Amino acid sequence: MKDTPETATPTPKSSSLMENLLGLLRIRVKRGVNLAVRDVRSSDPYVVVKMGRQKLKTRVIKKDVNPEWNEDLTLSVTDPDLLVKLTVYDHDTFSKDDKMGDAEFDIKPFIEALRMRLAGLPSGTIVTRVLPSRQNCLSEESCIVCSESKITQDLCLRLRNVECGEVEIQLQWIDLPGSKGL
């Protein structure tokens, strides 16, 4: 029996993730610089990235206050207005992990640059710059750049609620076939 409008299964109003999904944000967590010491002489840092209800983390790097993760964490983006929160922790085996600072950043400037559809620019072309301010955790100017026909943004984030430390990351965008898109 064929589905007619009377017998067709109604689709829920909550619509699928793909209908609301703009695309994927790949965050390359590059490295930590001068992170706080939380153990005797060093720390065992890892990074947790949160956006909305999503939460991802890097691996733990043992005894290093200048760790190099070079790890990609990928978030689904449905709302470009949500801030991304990055928190660094010190892994402890027998007690609760110690917080080593946090930072928040806005992906709106990156999304706006992507919406310009400038991917054909020569590699190295700076699309726009984001300056450090009291409203962001940037420790230095962040450039949104066309690199090998992709738009990327490098950020150096100064950690808050801690005596020292920065984390360097890079943003990349992944379009998904079947998603709402930008």
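A polar contact is taken here as a pair of N or O atoms within 3.5 Å, where, within protein, one atom must be able to donate a hydrogen and the other to accept it, and where residues adjacent in sequence count only if both atoms are side-chain atoms. Such a contact is found at aspartate 90, where a polar atom of the side chain lies 2.6 Å from the backbone nitrogen of aspartate 44. The structure is a predicted model, in which local features need pLDDT of at least 70 and side-chain atom pairs count only at pLDDT 80 or more, while totals for chains, interfaces and linings use all residues. Residues are numbered from 1 along each chain as its sequence is written, and side-chain values use heavy atoms, with hydrogens and water left out.

The protein chain has two helices and ten strands, the elements being DSSP runs numbered from the N terminus (helices, H or I, of at least four residues; strands, E, of at least two). Along the sequence these elements follow the pattern α-β-β-β-β-β-β-α-β-β-β-β. Of the 182 residues of the protein chain, 40% count as buried; buried means under 20% relative accessible area, exposed means over 50%, and partly exposed lies in between, as computed with a 1.4 Å probe on protein chains only.

Strand 5 takes part in two of the pairings described here, two strands being paired if DSSP finds at least two bridges between them. With strand 2, strand 5 pairs in the antiparallel sense over six bridges, and in this pairing valine 47 stands opposite valine 88 of strand 5. With strand 6 (residues 98-106), strand 5 pairs in the antiparallel sense over seven bridges, and aspartate 106 in strand 6 is the bridge partner of leucine 83.

Aromatic pairs were assigned among rings of Phe, Tyr and Trp (its six-membered ring) with centres within 6.5 Å, planes under 30 degrees apart counting as stacked, over 60 as edge-to-face and the rest as tilted. By this rule the count comes to one aromatic pair. The pair is stacked, because the rings of tyrosine 46 and tyrosine 89 have centres 5.6 Å apart and planes at 20 degrees. Since tyrosine 46 lies in strand 2 (residues 45-51) and tyrosine 89 in strand 5 (residues 83-90), the pair ties together parts that are 43 residues apart in sequence. Tyrosine 46 counts as buried at 8% relative accessibility, whereas tyrosine 89, at 22%, counts as partly exposed.

Lysine 57 lies in strand 3 and counts as exposed at 55% relative accessibility. Between lysine 57 and aspartate 72, which are 15 residues apart in sequence, the C-alpha to C-alpha distance is 9.6 Å.

The structure holds twelve salt bridges, each defined by a side-chain nitrogen of Lys or Arg within 4 Å of a carboxyl oxygen of Asp or Glu. One of them joins the side chains of arginine 59 and glutamate 71, at 2.6 Å from N to O. This pair links distant parts of the chain, with arginine 59 in the loop between strand 3 (54-57) and strand 4 (68-77) and glutamate 71 in strand 4, twelve residues apart. Arginine 59 is partly exposed at 42% relative accessibility, whereas glutamate 71 is buried at 17%.

A further salt bridge connects arginine 160 with glutamate 104, whose closest N and O atoms are 3.9 Å apart. Because arginine 160 lies in the loop between strand 9 (150-158) and strand 10 (166-174) and glutamate 104 lies in strand 6, the pair ties together parts that are 56 residues apart in sequence. Arginine 160 is partly exposed at 31% relative accessibility, and glutamate 104 is partly exposed at 27%. Both residues belong to a network of salt bridges that links Lys99, Asp102, Glu104 and Arg160.
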